[in-house]
Amino acid sequence: MNKQYMAMAGLLLVLAACQKNDINVAPANIQPVSNLQYKITGDTALLTWNLPAGASGIVPTISDGSTTKTLAADATQYKFGVVETNKDYLFNIKLTDGKGNISLGEIVRFKREGAYPVQNLTAAQNDNGVLVSWTPPVGPVSKITVQLGSQTAELAAGATQHQFNNVPVGQYNISVVTTNAAGQASNTVYLPFKVGATAVAYLGIYADSTTLLSAGDDDEVAGGKWLFRNYDNARYISFDQIKNGTLDLSQFRVIWWNYDLQTTNSLPAVATDAAVLEKIKAFYNGGGNLLFNQFAARYFWPLGRMTDAYPMVIGGGAGFSNNDTWGIGVNVGKKHDQSSHPLFKGIAITTQPDGRKTFPVLGPGWREDHNTVIENIPGFLGLGPNDNESAYNRFVSDNAVEWLGQWDGIGDYWMAGIMELKPKGAIEGSAIWIGIGGIEWNQNSGTNLYQANIERLYKNAIDYLKTK
């Protein structure tokens with residue numbers, strides 16, 4: 001060995017010795033939990049433990065490796081579910097005393113053995129009832145049991161759907177359980193589903209559908225034609241009909257307002273008329289669902305669903321032409337992957353090298369760029385920089401939304417352009433906001449290469465809202 005390597009080796013030994021002798025690890029001031037156990041009953045796991053003798057006011061925290069929850073002081077159990085079959089679970093429990101002291105962690109691991117569950121559970125209401133569908137489990141099963149309300153069906157292993165008839169109006173949790181050859185059940189797969197009105201309304205400022213088709217904006221006409229072609233129970237309705245009381249909104253499950261003009265981006269006066277607002281609020285508050293795109297998204301403020309004065313980008317005018325392809329990003333902030341949300345079902349999504357997940361919506365040619373999006377969210381909340389996770393958490397919490405999409409080139413929390421607005425406060429209805437300007441129904445310069453993605457996006461939105 002040459003002298004240089006010998007000197008280096010000697011130095012490393014000295015450093016190692018210093019580290020071993022000079023670094024002292026202080027013992028934890030709180031003893032850890034003891035007798036940590038788990039018990040699985042059905043879909044629920046119960047973790048129990050003992051606190052140190054004489055402990056009082058001690059706060060347990062429990063971590064599964066990705067999230068940490070703080071429990072009530074002196075808690076000695078934690079219940080959670082649904083516990084999935086054939087999945088490894090690990091929980092680490094520590095104790096804190098509010099003075100900065102923390103115990104060593106105690107770990108429990110387990111796996112629930114059982115049949116593999118069905119995948120991609122969906123349902124659709126039809127004239128005769130509810131059709132429940134799914135894709136097969138990843139492993140073999142011997143039977144599939146489906147339940148909706150008081151009705152239960154036991155099906156063969158290869159079944160992928162079941163029709164329930166005579167289902168009363170109401171809110172349900174559809175459930176599916178599989179069983180394997182050993183008699184072991186899977187975890188239950190649930191799908192919240194509301195049985196009610198089935199019709200879809202296409203809302204507009206035009207007196208009737210004939211006027212819409214002859215005088216409407218090309219994007220409004222294209223959207224309407226697509227809807228009436230694909231949904232037999234779709235109907236055009238006008239704000240004037242709502243104002244005059246000649247229309248019963250309770251017959252509709254979803255109201256879609258595709259408001260996309262070149263001449264103005266302002267809300268029409270009739271939309272904010274007191275009588276109109278009262279009736280649409282009653283529909284929405286009572287559990288009716290809304291699909292608003294482009295300039296219609298601004299209507300969430302008069303309806304009282306959005307309240308904060310966020311900075312916004314609201315486009316307008318005739319637009320311009322270029323050779324770009326415009327797309328949507330669905331991995332918000334490169335940390336919140338929404339690609340599995342029902343809104344994006346059946347759309348081919350590409351994972352970019354930096355972690356963004358995107359799909360195209362508008363090919364080369366003319367684009368109107370009629371945005372209605374919220375921007376500078378971290379700045380407005382005083383939670384910069386733009387990739388601050390606290391800004392994401394605050395925005396979705398304050399507004400009770402699922403932040404689903406943004407322009408495809410954005411990798412932080414600067415803007416929100418596609419959202420699911422969940423029930424909030426007195427509002428029992430759900431809503432979808434699609435405000436990104438690249439999502440337009442008719443590309444003026446010719447056929448959009450990605451028109452199928454737009455049509456799929458809106459079909460998913462309507463079908464999803466019809467389950468609420």
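Helices (H or I, at least four residues) and strands (E, at least two) are DSSP runs here, numbered from the N terminus. The model is a predicted one, so local features need pLDDT of at least 70 and side-chain atom pairs count only at pLDDT 80 or more, while totals for chains, interfaces and linings use all residues. Residues are numbered from 1 along each chain as its sequence is written, and side-chain values use heavy atoms, with hydrogens and water left out.

Back to β3 and its partners. Strand β3 (residues 59-63) and strand β6 (residues 88-96) pair in the antiparallel sense, over five bridges; two strands count as paired if DSSP finds at least two bridges between them. β3 also runs antiparallel to strand β4 (residues 68-70), and three bridges join these two. Here I62 has K69 of β4 as its bridge partner. β3 and β4 make a hairpin with four residues between them, and G65 in the turn shows a positive phi of about 100°. As for cover, five of the five residues of β3 are buried, where buried means under 20% relative accessible area, exposed means over 50%, and partly exposed is in between (1.4 Å probe, protein chains only). V59, T61 and S63 point one way from the strand, P60 and I62 point the other way, and all are buried.

Four strands make up an open sheet in the order β11-β10-β13-β14, with antiparallel pairing. The edges belong to β11 (151-156) and β14 (189-195); each has a single partner strand, so one side of each is left without a neighbour in the sheet. Neighbouring strands in this sheet are turned by 20° against each other on average, direction ignored; the axes behind such angles are lines fitted to C-alpha atoms, for helices over the stretch in contact, and angles run from 0 to 180 degrees between N-to-C directions. Seven bridges join β13 (residues 170-179) to β14, and the two run antiparallel. Y172 has F193 in β14 as its bridge partner. In general, strands of a sheet pair through backbone hydrogen bonds, either parallel or antiparallel.

The structure holds 36 aromatic pairs, counted when ring centres of Phe, Tyr and Trp (its six-membered ring) lie within 6.5 Å; planes under 30 degrees apart are stacked, over 60 edge-to-face, and the rest tilted. W226 and W256 form an edge-to-face pair, 6.2 Å centre to centre with 80° between the planes. This pair links distant parts of the chain, 30 residues apart: W226 sits in helix α3 (residues 218-230) and W256 in strand β17 (residues 252-259). W226 is buried at a relative accessible area of 4%, and W256 is buried at 0%. W403 and Y413 have ring centres 5.8 Å apart and planes at 55°, so their pair is tilted. W403 belongs to strand β28 (residues 401-407) and Y413 to the loop between β28 and β29 (418-421), so the pair ties together parts 10 residues apart in sequence. Both W403 and Y413 are buried. Ring pairs also link F239, W257, Y259, F292, F295, Y299, F300, W301 and W433 into a cluster.

N453 has its place in helix α8 (residues 451-465) and counts as buried, at 17% relative accessibility. Not counting residues up to four places away in sequence, N453 touches I347, F359 and P360, a contact being heavy atoms within 4.5 Å. A polar atom of the N453 side chain lies 2.8 Å from the backbone oxygen of P360. D232, by comparison, lies in the loop between α3 and β16 (234-238) and is exposed, with a relative accessible area of 80%.

Finally, the chain as a whole. Its secondary structure comes to eight helices and 30 strands, and its C-alpha atoms fill a box of roughly 85 × 60 × 50 Å, taken along the principal axes. Buried residues make up 44% of the 468 residues in the chain. Among contacts between residues at least 6 apart in sequence, 67% join residues at least 24 apart.

Definitions and conventions
A polar contact is a pair of N or O atoms within 3.5 Å; within protein, one must be able to donate a hydrogen and the other to accept it, and residues adjacent in sequence count only if both atoms are side-chain atoms.
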